[in-house]
Amino acid sequence: MSVFGDLGLLTRATWVLMREGIVTALPAESEPPIIKRLKQVARLVERRHAQQESQQENLARALHRLGPGWVKFGQFLATRPDIVGAAIARDLELLQDRVEPFSRAEARAMVEATLGEPVETIFEEFGPAVNAASIAQVHRATVQEPDGLRRAVAVKVIRPGVRERFARELRMAHTAARLVTRRVPASRRLRLEEIVAELERSARREMDLRLEAAAFSEMTDNTEGDPDFHLPAIDWQRSGRDCMTMDWVDGIKLSDMEAVRDAGHDGPKLARTLIQSFLRHALRDGFFHADMHPGNLFIAPNSDIVAVDLGITGRLKRAERRYLAEILYGFIQRDYRRVAEVHFEAGYVPPTQDVAAFAQALRAVGEPIYGRSAQEVSMGNLLTLLFEITDMFDMATRPELLLLQKTMVVVEGVARKLDPSFNMWEVAEPVLRPEVTRLIGPSAKLEEAGEGLVALGQLARQAPELARRAQRLSDEIDRATAEGIRLDAPTIAAIGSAEARASRSGRVALWVIAVAAVWVAIAASG
């Protein structure tokens with residue numbers, strides 16, 4: 001698509017956001033002049049009842065009007081409160097990815113193209129869609145085993161044409177990020193172009209079901225032997241890029257709390273299992289389900305929790321896990337100086353900041369905890385406050401920690417619905433204590449020392465090549481210093497011509513945006 005197509009999509013998106021009252025609801029604090037002007041226009045064109053409806057309703061309506069790619073974009077931004085703000089992130093967390101299913105005939109065609117055989121050969125039965133989302137939908141099917149037994153399975157199938165549609169919308173997002181970054185200097189600290197690139201990588205991973213199947217396999221290996229938690233097994237022979245087959249889950253969705261209670265399941269026990277499982281995955285394994293909302297969790301007849309939909313996962317390296325363990329342990333011990341030092345040691349806070357001042361700010365987060373009961377203290381909200389404080393000290397954005405914090409808030413909320421008297425810290429302690437010991441205790445120091453020796457050995461093996469490269473670089477610098485860097489007349493002329501073209505392109509782009517905006521406004525009013 002040309003730049004004109006991208007700008008057309010961007011203009012339509014801006015129009016929809018203005019109509020649904022999203023633009024006028026943007027926070028006024030430190031807003032640049034361009035946003036002030038955009039709000040003035042938005043007040044003239046927004047729907048009459050937009051201000052009377054909730055921000056969540058307006059946001060959901062706007063994103064659904066723009067298309068399933070935008071719904072997915074909104075869900076992604078829910079994990080980045082550092083970009084959109086905590087209030088908007090909370091609204092986006094509740095955004096439901098529900099769209100009309102595509103036909104069973106199209107699903108069959110996708111399965112056959114992926115697996116290279118007729119559906120009748122692969123499955124004994126292939127039923128209609130039971131759940132549809134923006135990227136894929138799920139069908140119930142049955143397979144016949146060699147011993148003659150029939151087994152129910154769930155078949156997840158990629159939506160036809162979804163990759164092309166996402167590619168168009170991502171190009172538009174790249175265009176918008178570049179324009180905003182250039183025209184609004186205050187936005188540069190948000191690194192919008194990097195955020196769009198991160199979204200693009202996430203979407204590509206989610207649209208290759210082989211990767212999701214691998215995530216199921218990895219987490220199944222990690223959780224083997226864990227109490228009361230498991231995942232459906234993957235049928236690798238009936239899975240590929242565009243379809244994934246797994247065991248059918250017989251159970252009650254955790255989103256149906258009334259049905260869970262009516263079935264006689266123990267709410268407090270389920271809450272304990274949910275929290276302890278999530279903490280094990282994050283701290284012990286460094287690999288966790290990052291979309292653990294109630295619709296992705298089932299309660300099996302034996303009260304096991306069964307997780308599905310691993311399209312979004314999070315990873316924590318050993319350094320991040322140690323950081324998280326020391327922070328939680330430091331807050332429990334009220335050792336704010338140590339918590340501050342951990343931030344500096346990890347490189348999360350610039351060395352130009354003051355450790356004592358940072359420790360004082362952390363005290364402002366931690367001390368209110370000790371005047372309240374454990375039932376009132378949320379670990380997820382504690383991390384939220386922590387990240388707000390660290391932002392004041394120019395802490396670099398850590399997407400993996402924000403994803404963890406967002407997931408923890410969701411999981412904790414589900415646990416409190418299962419058990420209103422839920423005590424997060426008491427339930428977490430049996431998992432936290434051994435993991436803290438493992439990550440920051442004597443054995444961890446020995447492991448880190450061993451890793452350091454391995455790294456030193458690798459550096460020693462590379463030393464001769466590094467020395468040769470350094471010598472070549474030194475020779476090149478000496479030559480440039482002695483002879484100078486000369487530009488001939490054609491090179492100078494080419495540089496001048498390129499600068500002139502860039503200036504003209506910038507003016508043309510601005511005129512295109514203006515004309516497109518007028519055209520869309522006229523079309524919409526007509």
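**Before selecting anything**

The model is a predicted one, in which local features need pLDDT of at least 70 and side-chain atom pairs count only at pLDDT 80 or more, whereas totals for chains, interfaces and linings use all residues. Residues are numbered from 1 along each chain as its sequence is written, and side-chain values use heavy atoms, with hydrogens and water left out.

**The whole protein**

Of the 526 residues, 43% are buried. Here buried means under 20% relative accessible area, exposed means over 50%, and partly exposed lies in between, with a 1.4 Å probe and protein chains only.

Switch to a surface next. The accessible surface amounts to about 27,600 Å², and carbon and sulfur atoms hold 55% of that area. Such areas come from the Shrake-Rupley method with a 1.4 Å probe; for residues, only the protein chains shown count as cover. Among contacts (heavy atoms within 4.5 Å) with a separation of 6 or more, 67% are between residues 24 or more positions apart.

**The β1-β2 hairpin**

Select residues 125-132 and 136-144. These are strands β1 and β2, which run antiparallel and are joined by 5 bridges. Two strands pair if DSSP finds at least two bridges between them. The two strands form a hairpin with 3 residues between them. Within this pairing, N131 stands opposite V138 in β2.

Now pick P128, which lies in strand β1. Leaving aside neighbours within four places in sequence, P128 is in contact with R104, V138, H139 and R140.

**Strands β3 and β5**

Move on to residues 150-158, strand β3, which runs antiparallel to β5 and is joined to it by 5 bridges. K156 stands opposite M244 in β5. Is β5 enclosed or open to the outside? Strand β5 (residues 243-247) has 4 of its 5 residues buried, so it is largely enclosed by the rest of the structure.

**The four-stranded sheet**

The next selection is an open sheet of 4 strands in the order β4-β9-β8-β6, with mixed pairing. Its edge strands are β4 (229-230) and β6 (252-253), each of which pairs on one side only. Strand β9 (residues 305-307) pairs with β4 in the parallel sense over 2 bridges. To locate this pairing, select H230, whose bridge partner in β9 is V306.

**Loops around the sheet**

Begin with the loop between α11 (209-222) and β4, where D228 is found. D228 is not a glycine, yet it has a positive phi of about 65 degrees. At 26% relative accessibility, D228 counts as partly exposed. T223 is found in the loop between α11 and β4, and at 4% relative accessibility T223 counts as buried. Not counting residues up to four places away in sequence, T223 touches F229, L231, H281 and R284.

Continue to S303, in the loop between β8 and β9. S303 has a positive phi of about 75 degrees although it is not a glycine.

Then select D291, found in the loop between β7 (287-289) and β8 (297-299). D291 is buried, with a relative accessible area of 17%. Beyond neighbours within four places in sequence, D291 is in contact with N296, D309, I312 and K406.

**Helix α16**

Finish with helix α16 (residues 355-366), whose 12 residues reach 16 Å from the first C-alpha to the last, close to the 16 Å expected at 1.5 Å a residue. The expected span is 1.5 Å times one less than the number of residues.

Which residues of α16 are buried? They are F358, A359, A361, L362, V365 and G366. These residues cover an arc of only 160 degrees around the axis, which puts them on the same side of α16; the arc is that of the directions from the helix axis to the C-beta atoms. On the other side of α16, Q360 and A364 are exposed.

Last, zoom in on the start of α16, where a side-chain oxygen of D354 reaches to within 3.3 Å of the backbone nitrogen of A356.

How values were computed. A polar contact is a pair of N or O atoms within 3.5 Å; within protein, one must be able to donate a hydrogen and the other to accept it, and residues adjacent in sequence count only if both atoms are side-chain atoms.
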